[in-house]
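Here are some exercises to work through with a viewer open. Try each task yourself before you read its solution.

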Amino acid sequence: MAPQEKSVPFRKNRKVTKLSRRLGVAGASCVLDVMINDRPALVRDSAAFIVLLEKIWKARDVEAGLVWAEIEERIRLADELRVGGIRPYKGGRFRSTKLP
């Protein structure tokens, strides 16, 4: 996994606050789309969610590449565990990733 960076608190920023609210609405829309089984809307709202998330990363000087690398590493680890016959059980001994 990617090395942990020292956590520095963010200063409040009106732009990021507005983007965060929009991100919450987009996330809620995705959940609703899943619940009503609306696949085209889920694709559309998921794209909006990712775009907003990337805007927040940019506003907070977080490299998108680092986030995508972390996701790829979690997927790789989950695949490696699965090949070894180890499933990352919730609350179990091998819980090392939230991905199935």
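The exercises below go from the overall fold to the helix pairs and then to the core.

**Before you start.** This is a predicted model, in which local features need pLDDT of at least 70, side-chain atom pairs count only at pLDDT 80 or more, and totals for chains, interfaces and linings use all residues. Residues are numbered from 1 along each chain as its sequence is written, and side-chain values use heavy atoms, with hydrogens and water left out.

**Exercise 1. List the elements of the protein in order.**

Step 1: Helices (H or I, at least four residues) and strands (E, at least two) are DSSP runs, numbered from the N terminus.
Step 2: The protein has three helices and zero strands.
Step 3: From the N terminus, the order is α-α-α.

**Exercise 2. Describe how α1 and α2 pack.**

Step 1: The angle between them is about 155° and their axes are 9 Å apart; axes are lines fitted to C-alpha atoms, for helices over the stretch in contact, and angles run from 0 to 180 degrees between N-to-C directions.
Step 2: α1 is therefore roughly antiparallel to α2, since angles under 35 degrees count as roughly parallel, over 145 as roughly antiparallel, 65 to 115 as roughly perpendicular and the rest as oblique.
Step 3: Contact means heavy atoms within 4.5 Å. Residues making it include Ser20, Arg22 and Cys30 of α1 and Asp45, Phe49 and Lys55 of α2.
Step 4: By class, the contact of α1 with α2 has 13 nonpolar, four polar and four charged residues. Here Ala, Val, Leu, Ile, Met, Phe, Trp, Tyr, Cys and Pro count as nonpolar, Asp, Glu, Lys and Arg as charged, and the others, Gly among them, as polar.

**Exercise 3. Do likewise for α2 and α3.**

Step 1: α2 and α3 (residues 64-83) pack at about 125°, with axes 9 Å apart.
Step 2: That makes α2 oblique to α3.
Step 3: Ile50, Glu54 and Trp57 of α2 meet Ala64, Val67 and Trp68 of α3.
Step 4: This contact of α2 with α3 has five nonpolar, no polar and one charged residues.

**Exercise 4. Which residues form the largest nonpolar core?**

Step 1: A nonpolar core is a set of buried Ala, Val, Leu, Ile, Met, Phe, Trp, Tyr and Cys residues joined through side-chain atoms within 4.5 Å. Buried means under 20% relative accessible area, exposed over 50%, partly exposed in between (1.4 Å probe, protein chains only).
Step 2: The six residues are Val16, Leu19, Leu23, Ala26, Leu52 and Ile56.
Step 3: α1 (14-35) and α2 (39-59) each give two or more residues to this core, and α1 gives the most, with four.
Step 4: Leu23 touches Phe49, Leu52, Leu53 and Ile56, not counting residues up to four places away in sequence.
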